[in-house]
Amino acid sequence: MATTSTTGSTLLQPLSNAVQLPIDQVNFVVGQLSALLAAVWFRTYLHSSKTSSFIRHVVATLLGLYLALFCFGWYALHFLVQSGISYCILIGLGEEAMHKYCFVFALGYLIVCQITRVYIFDYGQYSADFSGPMMIITQKITSLAYEIHDGMFRKEEELTPSQRYLAVRRMPSLLEYLSYTCNFMGILAGPLCSYKDYITFIEGRSHHVAQSDKNGKEQPHCAEAEPSPNVAVTQKLLVCGLSLLVHLTVSSFFPVEHNVDEDFQASASWPTKVVYLYVSLLAARPKYYFAWTLADAINNAAGFGFRGYDENGEARWDLISNLRIQQIEMSTSFKMFLDNWNIQTALWLKRVCYERATLSPTIQTFVLSAIWHGVYPGYYLTFLTGVLMTLAARAMRSNFRHHFTGTPQLKLLYDVATWAATQVAVSYTVVPFVLLSVKPSLAFYSSWYYCLHIAGILVLLLLPVKKTPRGKTTHENVQLSRSKKFDETENSSGRNSFSATDSVCSQNREAASRRPSLHQ
């Protein structure tokens with residue numbers, strides 16, 4: 001019998017027993033599937049052309065709070081307390097400094113909740129818990145605080161193009177604020193979205209909204225039939241189904257914990273250890289693919305997530321996508337892996353920390369990322385190792401890659417070698433993230449003789465340090481080249497897609513007319 005303590009509903013306990021999964025996980029999955037059905041209903045019957053933004057806000061908020069109560073019971077009150085006090089800070093302390101106080105309170109409240117959950121209630125119970133949604137709400141609260149500060153206090157010329165586009169020019173009402181932080185589409189698993197994008201969706205302007213150009217000025221594109229998300233949602237649900245199937249079947253045969261099994265460590269050869277490490281961490285990823293892709297599909301089903309059209313006139317529904325599975329599994333560098341994993345969190349780190357920090361932005365961003373993730377020691381071991389791996393990988397790439405670009409054969413050899421090295425390095429780095437505790441994490445690294453830590457340090461000591469155009473060392477700039485990459489992806493990808501939309505509007509009217517309507 002699959003039992004676990006939960007403050008949420010126990011209505012589905014028989015189903016939990018039947019599928020041998022904890023009740024809180026069953027509640028989460030059923031809650032998300034209910035949100036998916038609600039999203040289809042929301043797009044069909046509460047479309048912006050049929051009802052007011054006020055009604056859409058009210059329904060989105062009430063449905064979100066109901067799902068939170070279903071999954072977490074009275075713990076869902078934390079969502080309202082955190083959001084409510086943060087809103088009071090926003091309206092009570094003025095635009096000049098409220099973003100700092102809001103950031104400190106929201107992150108501090110999250111930390112307190114994480115500490116009490118981990119060290120007082122159920123240490124090691126890594127399943128659906130109330131601090132997960134609070135992590136997303138914290139991102140939304142802090143992002144909005146900075147966007148209001150940018151839009152209502154800072155001068156226009158002080159803003160970067162992305163800050164100028166995302167800036168909020170008026171204080172949201174309490175309803176708008178709660179709708180943004182607690183709507184049913186993102187209450188359980190996110191992903192993070194900007195307040196401006198969310199309000200644009202609620203008001204029904206997402207398919208013809210003006211987009212910013214490279215200078216941050218808005219450029220409207222032509223009116224066109226509202227695209228249907230049906231194809232995108234179907235594709236993402238297929239990915240969800242496959243990911244869930246793999247998680248429920250294959251993952252149990254390759255537990256990450258087996259990497260620290262004493263008998264395995266003593267008897268397995270090094271090739272066996274390496275292969276099992278890769279396979280076990282590969283088998284651990286489908287649960288993330290399932291949760292994040294389902295969350296994306298829910299938002300798309302409601303009509304949220306449209307980014308424009310690509311060069312072929314196909315609608316893009318990846319505005320708030322959180323991962324790119326193919327790029328993750330085929331990554332040939334540590335940076336490429338990070339660029340395609342938990343995308344919206346990386347954007348949040350860039351927007352609220354990296355691009356605003358005046359002293360050691362890389363270090364500050366790593367610290368914030370570790371604190372936000374939680375208080376399990378394994379998280380911090382992973383992030384400390386990740387710093388080293390990222391810097392060493394960048395140094396290796398900058399010193400050796402150009403030697404392998406002469407012929408296709410050399411390039412293929414380089415790609416195969418770097419793919420293998422990247423997958424092993426990523427797996428080695430994230431083992432503590434899965435194991436959570438210090439003792440098994442250090443036992444794993446000890447069984448590997450800290451070989452990749454030592455190799456990384458030697459690389460940084462022995463290889464020459466490349467200079468960047470800004471005059472800083474590659475090693476100093478590397479971590480949130482990830483964020484810079486996301487900034488480029490966010491802006492150039494968005495601009496390119498909407499530039500393609502303009503082209504489609506003028507050249508491919510017939511193709512547009514053949515695209516299915518939203519109401520199909």
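The model is a predicted one, and the protein it describes has 24 helices and four strands. Of its 520 residues, 53% are buried, and among the contacts with a separation of 6 or more, 70% are between residues 24 or more positions apart.

**Nonpolar cores and cysteines**

- The largest nonpolar core has 73 residues, and those with the most contacts inside it are Phe42, Phe79, Phe184, Ile187, Tyr198, Phe201 and Leu368.
- One of these residues, Phe184, is in contact with Ala35, Ala38, Ala39, Phe42, Ala60, Leu63, Gly64 and Leu67, once its neighbours within four places in sequence are left aside.
- The structure holds zero disulfides; as for individual cysteines, Cys113 is buried with a relative accessible area of 4%, and Cys240 is buried with a relative accessible area of 3%.

**Helix α20**

- Within α20, the buried residues are Ser441, Phe444, Tyr445 and Ser447, and because they cover an arc of only 165 degrees around the axis, they sit on the same side of α20.
- The cover over the buried residues of α20 includes α11, α12 (270-284), α18, α19 and α21.
- One of the buried residues of α20, Phe444, is also among the residues in contact with Asn259, which is taken up separately below.

**Helix α21**

- Helix α21 spans residues 451-462, and its twelve residues reach 16 Å from the first C-alpha to the last, which is close to the 16 Å expected at 1.5 Å a residue.
- His453, Gly456 and Val459 are buried in α21, and they line one face of the helix, because the buried residues fall within an arc of 125 degrees when seen down its axis.
- An α-helix has 3.6 residues a turn, so residues three or four places apart point the same way.
- On the face of α21 turned away from its buried side are the exposed residues Leu461 and Leu462.
- Among the elements that cover the buried residues of α21 are α18 (377-400), α19 (408-435) and α20 (438-447).

**Asn259, a buried loop residue**

- Asn259 lies in the loop between α10 (230-249) and α11 (262-267), and with a relative accessible area of 3% it counts as buried, since buried means under 20%.
- The side chain of Asn259 makes a polar contact with the side chain of Ser280, at 3.1 Å.
- Apart from its neighbours within four places in sequence, Asn259 is in contact with Phe264, Gln265, Lys273, Tyr276, Leu277, Ser280 and Phe444.

**Backbone geometry**

- Most residues other than glycine have a negative phi, and most peptide bonds are trans.
- Asn342, although it is not a glycine, has a positive phi of about 50 degrees; this residue is placed in the loop between α15 (334-339) and α16 (343-354), where Asn342 is buried with a relative accessible area of 9%.
- Tyr449 likewise is a residue other than glycine with a positive phi, near 55 degrees; Tyr449 is found in the loop between α20 and α21, and its relative accessibility of 60% makes it exposed.
- Gly190 and Pro191 are joined by a cis peptide bond, with omega at about 0 degrees, and Pro191 has its place in the loop between α8 (174-182) and α9 (195-202).

**The segment before α1**

- Leu11 lies in the segment before α1 (13-19) and is exposed, with a relative accessible area of 65%.
- Leu11 and Asn27, which are 16 residues apart in sequence, are 8.9 Å apart in space when taken from C-alpha to C-alpha.

Key. Residues numbered from 1 in each chain as written. Predicted model: local features only at pLDDT ≥ 70, side-chain atom pairs only at ≥ 80, totals over all residues. Heavy atoms only, no water. Helix = DSSP H or I, 4+ residues; strand = E, 2+ residues; numbered from the N terminus. Buried < 20%, exposed > 50% of the residue type's maximum accessible area, 1.4 Å probe, protein only. Polar contact = N/O pair within 3.5 Å; in protein donor to acceptor, adjacent residues only side chain to side chain. Contact = heavy atoms within 4.5 Å. Expected span 1.5 Å × (residues − 1). Arc of directions from axis to C-beta. Disulfide = S-S within 2.5 Å. Core = buried A, V, L, I, M, F, W, Y, C linked by side-chain atoms within 4.5 Å.
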